[in-house]
Amino acid sequence: MYKSSKGNIWTKIGNSYLLLNTYTGAVDIVEERIIELLKGNLTLDLVETDLQNMLIKRGYLTTLNQSEELIKLEQICNSSLNYFKRYRNFGLVITYECNLKCTYCFQRDLAEKRGVSSKTLNIPQVNLFFDLIDNITQKESCAKPLICLYGGEPLMLTPVQ
Ligand code: SF4
């Protein structure tokens, strides 16, 4: 018997709902009737089979109780942790320039305060970065480098000199 997952949360956006499951990480835009289904105000047989399968596959509907859901979440977290343990993370801010103006952006203010908003990386800095990665990964022989490119918008980079 399927029931609404304890990890479901939702919020109204216009005429639809943003639904997410905090256990599986699934995020979807759904109609109000899906929320009614998850609240228990609608029976599953009134929903199309494809939609039922999607809700089950993405974890919004489950046969597990809350403790079983939490055990499953722990297993997912452990397997992700084991995956990331094989890597050493390196972040590189390539440029603070950006073609967008997201309202929540803190990066722009941060870069302006530090007086670096128009700065981009140059060749010696890039070489230093790769030397640093070589150095660290050789010391930690099991770790593979995982490089994250940040900004600003990393693709706004003007060619490095
Ligand atoms: S740096 Fe990121 S958050 Fe800031 S405006 Fe650009 S895309 Fe948006």
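Predicted model: local features only at pLDDT ≥ 70, side-chain atom pairs only at ≥ 80, totals over all residues.
Two strands pair if DSSP finds at least two bridges between them. Strands E2 and E3 meet it, with 6 bridges in the antiparallel sense. They form a hairpin, and 2 residues lie between the two strands. Glycine 14 sits in that turn and has a positive phi of about 60 degrees. Threonine 11 has leucine 18 of E3 as its bridge partner. Lysine 12 is partnered by tyrosine 17, also in E3.

Strand E3 also pairs with E4. These two strands run antiparallel and are joined by 4 bridges.

Together the strands build an open sheet of 3 strands, in the order E2-E3-E4, with antiparallel pairing. E2 and E4 stand at the edges. Each has a single partner strand, so one side of each is left without a neighbour in the sheet. From one strand to the next, the twist averages 25 degrees.

Helix H1 spans residues 32–39. This helix lies across E2, E3 and E4, and runs at about 45 degrees to E3. Three of its residues, Ile34, Leu37 and Leu38, are buried. These residues are on the same side of H1, because they cover an arc of only 95 degrees around the axis. The spacing fits a general rule. An α-helix has 3.6 residues a turn, so residues three or four places apart point the same way. The buried residues of H1 pack against strand E1 (3–4), strand E2 (8–13), strand E3 (16–21) and strand E4 (27–30). On the other side of H1, the exposed residues are Glu32, Glu36 and Lys39. Just after the helix comes glycine 40, which takes a positive phi of about 90 degrees.

The model also holds a ligand. Its surroundings include Cys98, Leu100, Lys101, Cys102 and Cys105. Gln107, Arg108, Gly151, Gly152 and Glu153 are also among the residues around the ligand. By class, this shell divides into 4 nonpolar, 3 polar and 3 charged residues.

Methods:
Residues numbered from 1 in each chain as written. Near = placed C-beta within 6 Å. Nonpolar A, V, L, I, M, F, W, Y, C, P; charged D, E, K, R; others polar. Buried ≥ 20, exposed ≤ 12 C-beta atoms within 10 Å, placed from the backbone. Arc of directions from axis to C-beta. Contact = placed C-beta atoms within 7 Å. Axes fitted to C-alpha atoms, helices over the stretch in contact; angles between N-to-C directions.
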